[in-house]
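Please read the points alongside the model.

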Amino acid sequence: MTTAGLTAAEMARALRRGDVTPRELLDDARAQVSRLDGSLNAFLARTDELADRQALRAAEMLSADAESAGPLCGIPVALKDVLCVDGYPTTAGSRILEGFRPPYTATAVQRLLDAGALPVGKTNCDEFAMGSSTENSAFGPVGNPWDIERVPGGSSGGSAAAVGAGMVPISYGSDTGGSIRQPASLCGVVGFKPTYGRVSRYGLIAFASSLDQVGPFALSVEDAANGYVAVAGHDPSDSTSLPDHVDDPVSVLRHGVNGLRLGVPREYMGEGLDPGVRERVTEAIAVLEGLGAVVQEVSLPSTDLGLSTYYIIAPAECSSNLARYDGIRFGRRVERPTVTDTMMSTREEGFGHEVKRRVMLGTYALSSGYYDAYYRRAQKVRTLIAREFDAVFETVDALVCPTSPKVAFTMGAIQNPIEMYLNDALTIPVNLAGLPGISVPCGFSDGLPVGLQVIAPRLGDARVFQVAAAYEQATDWHSRRAPIVAAA
Amino acid sequence: MPLSPEEVAHVAVLARLGLSDEERRRIGAELDLILEHISRLQRADVSEVPETAQVGNLVNVWRDDEPGPSLGQEQALAAAPNTDGRYFRVGAIQE
Amino acid sequence: MTTQAAANRVAAGYEAVIGLEVHAQLLTRSKMFCPCSAAYTQASPNGNTCPVCLGMPGVLPVINRQAVAMTVRTALALNCEIPAYTKFDRKNYFYPDLPKGYQITQYDLPLSLNGNLEFVVDGERTRCGITRVHLEEDTGTMQHAGHVLQEATSSLVDLNRAGVPLMEIVGEPDLRSADAAREYLVRLRQILMYIGVNDGNLEQGSLRCDANVSVRRLGATELGTKVEVKNMNSFRAVHRAIGFELERQVGVLEQGGTLVQETRGWVETRGATLSQRSKEMAHDYRYFPEPDLPPLQLGRDLVDEIRAAIPELPQARAARFSEQYGLSAYDASVLTATRPDADAYEALVSAGVTAKIAANWQMGDVAALANEHRLALADSGLGVTGLAALLMLLETGAINGPTAKELLAELYVNGGDAAAVVSERGLRRLSDESALAAVVDEVITANQKACDDFRAGKTQALRSLVGQVMKATGGRADAALVNTLLRERLSG
Ligand SMILES: [Mg+2]
Ligand SMILES: [Zn+2]
């Protein structure tokens, strides 16, 4: 019988009982990938030699001292293709990086290797993490494990699908405006976006530097907590990495929510929400209330400015971050007689439409004459949004709300960019303020997963896990698996 | 105020982004749509509000002046599409 | 009119308005934002690079603390204010020598502001304002096939220099002649080298200078059309280029023409500035705060700590030299031209050498030898202490001038202990009267003709007789004593 679909915690126990070896877990993961990825397209590259080496390393670590070996030792994981791994293809879902192999490894990935994790491969994503459906990948869309015809969300759709399809129990993505939480919601898995600065960005291919954070996908809150701890902590190679001590989220998983003050932001339950999503989230909040949480409605008046603020700041930063893709030092190049024409043609053929649109938007927002009206103003509204969160957290310990206004939609269904961007309306403000947020499964609408979002103040990462765990323990949504996981 | 085709073309050159006429038209229209939505930012009263460029509240993050290893020539050029084995090669600078 | 002449005076009725923008590489050990060596010239092309300075996907910069400290040191030496809060920004533009497609620099909140530099131009005390001193990263370098950018069909990129800490020192347009511009640069370079932040090499470009040059009718208050002059890699080039440009601009205006705001490059071989404008698109750098780097808040303590470590600056030191050692203003400025020179001088004096003697020898024979052998005193076989010992032999009368001169020339190259050489070769000065008297008498008997001439009033004949005695004693005789002995006998 296969281990595919087990949680990392279950695998870890099996490893320590000696029921299974890292090698066998790796083989099961690969079998599941081979069986399902033809239709899901969750992976862009396999990291086989690395995983094989890690399987041996993990076996040694476990036999040497099973107790001090961490919870990810011997556990198969998947990495969004924006995380650099020395010597392995890293494309960020873009043609412009086709064939590129970085000469170094991201700090977060290095920590996973040191923890004995087994990286199965690099997962598909929207090009340079720009999107909410993974339809912007240059290497084809990803199917949602619950309905192959539908999107897994994005931009970390491959990582979400890989966990949702039981290929790996834990995977990693990056979240700039919801790119971990929204696909987690649409794929019925747990997805966590840490406080900005908690996980090193060194080796994470940048989309929007002041918003990007690396975080885990998992089948359970406990696995997500362990997946987070494995990569969190200060890194001198990332000047925005926080030196503060990382509170242990695992130790609070059973603390419950009795007496905890939970706020429900009125603006997050407003129009634009699928009725099914509203119902599931309302029920979920009732469950938390039943567990003793003190629930109250709160207001974040500038919420409707979040999207606009984000679509100035993120494109502005990306227009600069993507300037290095000029065809000179690495990646794709379209040869032309002059340097300028070479750069223009290289970027014309190398970038997809969404990336071009955002680079254009960001370049325009920063260009002379428009900076004050757009970029500077957006930076000020960003302050407003952050202050509103600060004010709300004076009266509540955490916020609970929907992760995504929609359940997974059919591929190609959304063509209008604004309509697409609205999928992140409820996750974006969290990035703008640099807060920790999690999406945890809270039921289904029309047979498709719905996610509950929990948001806490800066460095309140542990509290996010505490609330999510309490809800998970009171429900059994997390134990539901997409039919394809077991289908043989 | 929608972007003129000239503005779109100018921004594309600033961004070194080659665009077909069709793409230029399409992106121009999409930018108009997005900027229209974004225009709501102008309504916010931010007269007294400072700008936020970063949310980490960090200052004076620096390293000691210690030299470390470099990649070396071979590794540095390994991923480059066009080199002469020692340098990155590019076309004419002047148009 | 020659450019030299133009340099010194703008045509009647016009005033020159010149401001210099200087870029100086900092003498740190590592680059600005990565651990690669800042000494990039020895490495093979692109060998001195890492993922960070190559601008690879996913890399991040980390500020070099020492580069910040050196910039503050420079700013304080130039009397700048150090704001409490400063940050880095991105300057966005595409060029093959700029790996990330943006330069990390400082835009609206630089490390320092409002300084000034004082110097003297033909006898006149002059002060030039310093707008700002800020910190940024250097670009890579390029070689253009055929060496002429305009004709090159391909270019080669070397990123060894990319990311080296670079200080930009922006001067106010307070300079009124090419002479003033050159003197400003000379003094600025001297200070940068004194405080140990830059090696002052204009030829190799570790110190670079661009000039904003314009002319206006005397009495006019608004500025004329500004032209930016580049590619000047020597003091002479700066002087000639600005002189030429002033002459050219006046010429255009005199012929009723109008000037275009443009960038012009100095072409040494043609002795002219040529327009560099090409079909390139308008610049729009789209500055915005660098999101990968938290801002800096340099507290009082840190700034005071840096200020306290600044050595005595050349002008102050020259003033003290003339005051303390009774040197002429000229001698004092020559002896303080570089820090090693000034240190050497003070070492000689504190070793007991008379201030005047030390000055004469250091500015005379020692300077000549240093020049002849392209070898600084400190690196010479003699060294500063060796020189001090040698001059002390002279001071105490153990050897005479000519002997000291010969020994200096010999030991400067070969090294060795002066005192030892003197005793083993018996070079001590001959001042024993009885011994000298014998030699003097021999010379007199052997040169009756000269003696008669002297007696007949041809006083210069005495010099040849003294020469004979010196010759006979191998140059060791006490010249003064020889003189007296001869006079006694010949007038006897
Ligand atoms: Mg500069
Ligand atoms: Zn480097």
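Which spacing do the donors of the magnesium ion (ligand 1) follow along the chain? The spacing is H-x112-E-x31-E.

The model is predicted: local features need pLDDT of at least 70, side-chain atom pairs count only at pLDDT 80 or more, and totals for chains, interfaces and linings use all residues. Residues are numbered from 1 along each chain as its sequence is written, chains are lettered from A and ligands numbered from 1 in the order in which they are written, and side-chain values use heavy atoms, with hydrogens and water left out.

1. Magnesium site. C:His23 (NE2), C:Glu136 (OE), C:Glu136 (OE) and C:Glu168 (OE) coordinate the magnesium ion (ligand 1) at 1.9 to 2.7 Å. Donors are N, O and S atoms within 2.8 Å of the metal (3.2 Å for Na, K and Ca); water is not among the atoms, so sites may look incomplete.

2. Placement of the glutamates. C:Glu136 belongs to strand β6 (residues 124-137) of chain C and C:Glu168 to strand β9 (residues 165-171) of chain C, so the pair ties together parts that are 32 residues apart in sequence. Strands (E, at least two residues) and helices (H or I, at least four) are DSSP runs, numbered from the N terminus. Both C:Glu136 and C:Glu168 are buried, that is, under 20% relative accessible area (1.4 Å probe, protein chains only).

3. C:Cys36 and C:Cys50 each lie in the loop between β1 (14-25) and β2 (63-64) of chain C, so the pair ties together parts that are 14 residues apart in sequence. C:Cys36 and C:Cys50 are both buried.

4. Interface of chains A and C. In contact (heavy atoms within 4.5 Å) are 41 residues of chain A and 32 residues of chain C. The two chains bury about 2800 Å² between them, 61% of it on carbon and sulfur atoms; buried area is the accessible area (1.4 Å probe) that two parts lose on being put together, summed over both. A:Ser239, A:Arg324 and A:Arg329 supply 21% of the area that chain A buries against chain C, more than any other three residues.

5. Salt bridge. Between chain A and chain C the count is one salt bridge, defined as a side-chain nitrogen of Lys or Arg within 4 Å of a carboxyl oxygen of Asp or Glu. The side chains of A:Arg201 and C:Asp292 meet in a salt bridge (3.0 Å, N to O).

Conventions: Buried < 20%, exposed > 50% of the residue type's maximum accessible area, 1.4 Å probe, protein only.
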